[in-house]
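Please look through the structure shown below before reading on. The report that follows describes how its parts are arranged and which residues bring them together.

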Amino acid sequence: MEGTIPLTYYIIISAILFSMGALGVLIRRNALIIFMSIELMLNGANLAFVAFARNYHVITGQIFVFFVMTVAAAEVAVGLALIVAIFRSKNSIDVDQMSSLKG
Amino acid sequence: MDSMLIFFIVLALAAVASAVGLLVSRSAVYAALYLVINFASVAVFYLMLGAPFIALVQITVYAGAIMVLFLFVIMLLGAEKLPKGGSLPWQRPLAIGLSAVLFFEAGYLLLQKVQSSAVLLQPEAQINTMDAIRELGINLFSIYLLPFEVTSILLLVAMVGAIILTKQEKGAKE
């Protein structure tokens, strides 16, 4: 390990992952893919957390990532349960068809 | 160009390519597998950043548990084939433009933060040692004990909520 990677590179990767997750939320209409894109965004934010924690030599960033992962696990459990419930009632997980509340 | 940088670039390409694959794949199963590749490469990033505990939690929780849950739901719903076609013609270019704006804004703000501090990653002899994990554990169970306990309640509530949401009501359907 003779060289180190500048923090800038990690930040750029993190921003790319985050904005690609946002892009996925915007362009896909399958609720499962939208969910996966949200996980991608969380990953991008976590990467920035760990990179900054490494840079400033504080452990708090890693602890925050730990909590973010826990909340993501809870979110996935509840969200997938919601998707299953929606699929049972509408027989589809296309978000365009979830328009019952449309006036 | 040293070997670490080459390794980093290869890994970054893997992460970005798997994210692109997630966005364009027509099959939900392939999308989930692309996401696993992405999680694994981010876990290697964590290892390079001296966070071995976070890297392993990433592998076990994200690439393991969460993705198995995703694949299970995909198989359960039989939704692996996604219908093609877009109803809104302007949706895709608008979304790409908006996320490009988001990328430049996020990158600009974060990089400004970096440059104002003007500190680069210091080369350290040993970053992947037990000391980092020990320090993490000590912090987690002393300063951050209350959030840790709240997290357990959150997980319990999520578990109960998932069971309640997916429970078939008696007599509602055959």
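In this predicted model, B:Tyr62 is buried, with a relative accessibility of 0%. B:Phe39 is likewise buried, and its relative accessibility is also 0%. The ring centres of B:Phe39 and B:Tyr62 lie 4.6 Å apart and their planes meet at 40°, so the pair is classed as tilted. Because B:Phe39 belongs to helix 2 (residues 28-48) of chain B and B:Tyr62 to helix 3 of chain B, the pair ties together parts that are 23 residues apart in sequence.

Over all chains, the structure holds 13 aromatic pairs. A pair of aromatic rings is described by two values, the distance of the centres and the angle of the planes. A further pair, formed by A:Phe66 and B:Phe53, has a centre-to-centre distance of 5.9 Å and an angle of 35° between the planes, and it is tilted. Since A:Phe66 sits in helix 3 of chain A and B:Phe53 in helix 3 (residues 52-77) of chain B, this pair joins two chains. Are the two partners buried or partly exposed? A:Phe66 is buried at a relative accessible area of 15%, whereas B:Phe53 counts as partly exposed at 27%. The table sets out the two pairs.

| Aromatic pair | Distance between centres | Angle between planes |
|---|---|---|
| B:Phe39 and B:Tyr62 | 4.6 Å | 40° |
| A:Phe66 and B:Phe53 | 5.9 Å | 35° |

A:Phe66 and B:Phe53 also belong to one aromatic cluster, together with A:Phe67, B:Phe141 and B:Phe148.

The axes of helix 3 (residues 60-90) of chain A and helix 6 (residues 145-166) of chain B come within 9 Å of each other and cross at roughly 10°. An angle under 35 degrees counts as roughly parallel, which means that helix 3 of chain A is roughly parallel to helix 6 of chain B. On the chain A side, the residues that take part include A:Phe66, A:Phe67, A:Val71, A:Ala74, A:Val78 and A:Arg88, while those on the chain B side include B:Pro147, B:Phe148, B:Leu154, B:Ala158 and B:Leu165.

Helix 2 of chain A packs against helix 3 of chain A at an angle of about 175°, with the axes 9 Å apart. Which orientation does this give helix 2 of chain A relative to helix 3 of chain A? Angles over 145 degrees count as roughly antiparallel, and therefore helix 2 of chain A is roughly antiparallel to helix 3 of chain A. The residues of helix 2 that take part include A:Leu32, A:Phe35, A:Ile38, A:Leu42 and A:Phe49, and they face a set in helix 3 of chain A that includes A:Phe64, A:Val68, A:Ala72, A:Val76 and A:Leu80. The contact of helix 2 with helix 3 of chain A has 16 nonpolar, four polar and two charged residues.

Helix 2 (residues 31-56) of chain A also contains A:Gly44, a residue that counts as buried at 0% relative accessibility. Apart from its neighbours within four places in sequence, A:Gly44 is in contact with A:Ser14, A:Leu17 and A:Phe18. A:Gly44 and A:Phe18 are 26 residues apart in sequence, but their C-alpha atoms are 4.8 Å apart in space.

Turning to each chain as a whole, chain A has a radius of gyration of 17 Å, whereas a compact globule of 103 residues would have one near 13 Å. Its C-alpha atoms fill a box of roughly 55 × 25 × 25 Å along the principal axes. Of the 103 residues in chain A, 60% are buried. Among the contacts in chain A with a separation of 6 or more, 56% are between residues 24 or more positions apart.

Chain B has six helices and zero strands, in the order α-α-α-α-α-α along the sequence. Buried residues account for 34% of the 174 residues of chain B. For contacts in chain B with a separation of 6 or more, the share between residues 24 or more positions apart is 65%.

Note on methods: Residues numbered from 1 in each chain as written. Chains lettered and ligands numbered in written order. Predicted model: local features only at pLDDT ≥ 70, side-chain atom pairs only at ≥ 80, totals over all residues. Heavy atoms only, no water. Axes fitted to C-alpha atoms, helices over the stretch in contact; angles between N-to-C directions. Helix = DSSP H or I, 4+ residues; strand = E, 2+ residues; numbered from the N terminus. Parallel < 35°, antiparallel > 145°, perpendicular 65-115°, else oblique. Contact = heavy atoms within 4.5 Å. Phe/Tyr/Trp six-rings, centres within 6.5 Å; stacked < 30°, edge-to-face > 60°. Buried < 20%, exposed > 50% of the residue type's maximum accessible area, 1.4 Å probe, protein only. Rg over C-alpha atoms; globule rule 2.2 N^0.38 Å. Nonpolar A, V, L, I, M, F, W, Y, C, P; charged D, E, K, R; others polar.
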